[in-house]
Amino acid sequence: RNIAKFTNATITGVTLNEYQVIRGNELNDAAGLKGRATSVQSDFMKLSAFADNSFDGVYAIEATCHAPQREGVYSQIYRVLKPGQVFACYEWCLTPKYDANNELHRTIKKKIEEGDGLPDMATQQECVDALTSVGFELIEARDMALDNTYGADPWWLPLYPSNNPFTFRFQLSPLGMAFTRSVLYFCELIRLVPGGTTKVQTMLQQGGWGCAQGGYTGTFT
């Protein structure tokens, strides 16, 4: 919706989840973007709903990292993209600092995958190789986490635990996470929140820990 408003382009969003399609289109209509921003239910590994050479541009923001095989989703994007046009992608990757023989690095990777519903995470080079193997010409690829932040906080800091109870990051500390789980469990008992909320929160917490540690160690971006 924001991109449709900013660029005045017609945007088609793809998701496998039917609820997200229904809810997304409700929000599109409410924002006055009916016909300009549309959610479509489709598997991005086989975009059968779309003809060859039918899009003027394609972007993916933290989405294709969920593909079981990068070549599969990239090849479909290449197929539906008009010749000479651009695909811009924001990926989740393991960096060259990742060491598969390092137990901490393996734990970080596992927590991110389990907490964020990812298949086996790819390295930066594997993503680049997958793009070029399906026909894309690589214009630019870089780890933006290494860009000059001009004094700003690193991307992972909001996810990093703090023992200061007056900060947002306190909820990410061991004590804060235990407190959050206890509150949610009580809310489940009195049916203030749906059953399973505590389990979902626990899953998300381990994903957050993995992302924070991955950023701190420089093994994930």
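Rings of Phe, Tyr and Trp (its six-membered ring) are taken as paired if their centres lie within 6.5 Å, with planes under 30 degrees apart counted as stacked, over 60 as edge-to-face and the rest as tilted. By this rule, nine aromatic pairs are found. The model is predicted, and local features require pLDDT of at least 70, side-chain atom pairs pLDDT 80 or more, whereas totals for chains, interfaces and linings use all residues. Residues are numbered from 1 along each chain, and side-chain values use heavy atoms, without hydrogens and water.

The rings of Trp92 and Phe220 have centres 5.4 Å apart and planes at 75°, so this pair is edge-to-face. Trp92 lies in the loop between strand 4 and helix 4 (103-116), and Phe220 in the segment after helix 7 (197-217), 128 residues apart; helices (H or I, at least four residues) and strands (E, at least two) are DSSP runs numbered from the N terminus. Both Trp92 and Phe220 are buried, that is, under 20% relative accessible area, with exposed meaning over 50% and partly exposed in between (1.4 Å probe, protein chains only). Trp156 and Tyr216 also form an edge-to-face pair, at 5.5 Å centre to centre and 85° between the planes.

Within the largest nonpolar core, of 15 residues, Tyr74, Ile77, Phe87 and Phe136 touch the most other members. Such a core is a set of buried Ala, Val, Leu, Ile, Met, Phe, Trp, Tyr and Cys residues joined through side-chain atoms within 4.5 Å. Another core, of ten residues, lies apart from it and includes Leu94, Tyr98, Ile108 and Cys211.
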